[in-house]
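Visitor: Could you take one part of this protein and walk me through it up close? I'd like the cut-offs spelled out along the way.

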Amino acid sequence: FLAPSGGGKSTLALRCLKRAEVRFLSDDTPLIDGDGHMHAFPQRIGLREMPEGTASNHTRKFSRVHFGEKFVVGTEGFASQVTPSSKLRAIALIEKTGGVLTQVSPLNRSELIWRLMKWLVAGYETPQIWQLYLRLSAKDVIRKAGIFVSRLRVATRLLKTKNCYRVELSSDPDESAQALTRLMRSLGEVSA
């Protein structure tokens, strides 16, 4: 599932994790290998609002310097649902529309090119990637160019081989999570 920061990925992940059949890989930083397999990289799930129905001993609030308060749910709250890996079967672009029902429709691959370049290849909106990435020695620049090319190959392969969907979220997060669970089930997988 692809969406910009604040696009609803984390809220949906927590809502989907309320269903015992759903397995979790990662929230913000999925690890995708060259064959299109995703590998678990579970991190805390961060939300702008206090999550409903989450045990308080797994949730804490913290203040960010530039972006205000955030709430995080520790991985111990969903550890039993983490799966080691899963084949990536489809790419879904999530959009908040606020309709009554979540709408899922096929998406033209060309609409994902820029987004995959930005989020998968460059790691935009993933702060820890940039913190690790910015070292400007000549040797390091060459090494990072190799990483960039490798990510570009993976993104290209995914665009060529995976089904792509647009998911227009409803105003009801539980209904949206149910619709996404149905989509994952139809693809033969229930991993988020």
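Guide: Along the sequence they come in the pattern α-β-β-β-β-β-β-β-β-α-α-α-β-α. Keep in mind that this is a predicted model, in which local features need pLDDT of at least 70 and side-chain atom pairs count only at pLDDT 80 or more, while totals for chains, interfaces and linings use all residues. Residues are numbered from 1 along each chain as its sequence is written, and side-chain values use heavy atoms, with hydrogens and water left out.

Of the 192 residues in the protein, 39% are buried; buried means under 20% relative accessible area, exposed over 50%, and partly exposed in between (1.4 Å probe, protein chains only).

In α1, 7 of the 8 residues are buried, so the helix is largely enclosed by the rest of the structure. The buried ones are K9, S10, L12, A13, L14, R15 and C16. Their cover includes β3 (45-47), β5 (68-73), β7 (90-99), β9 (163-170) and α5 (173-186).

Zoom in on R15, which sits in α1 (residues 9-16). R15 counts as buried because its relative accessibility is 10%. Skipping its neighbours within four places in sequence, R15 is in contact with E52, P173, D174 and A177, contact being heavy atoms within 4.5 Å.

Two of those covering strands, β7 and β9, turn up again in an open sheet of 3 strands, ordered β7-β9-β8 with mixed pairing. β7 and β8 (103-106) are the edge strands, each pairing on one side only; two strands pair if DSSP finds at least two bridges between them. On average, neighbouring strands in this sheet are turned by 20 degrees against each other, direction ignored. β8 and β9 run antiparallel and are joined by 4 bridges, and S105 has R166 in β9 as its bridge partner.

Finally, α5 lies across β8 and β9, at about 160 degrees to β9. Axes here are lines fitted to C-alpha atoms, for helices over the stretch in contact, and angles run from 0 to 180 degrees between N-to-C directions.

Conventions. Helices (H or I, at least four residues) and strands (E, at least two) are DSSP runs, numbered from the N terminus.
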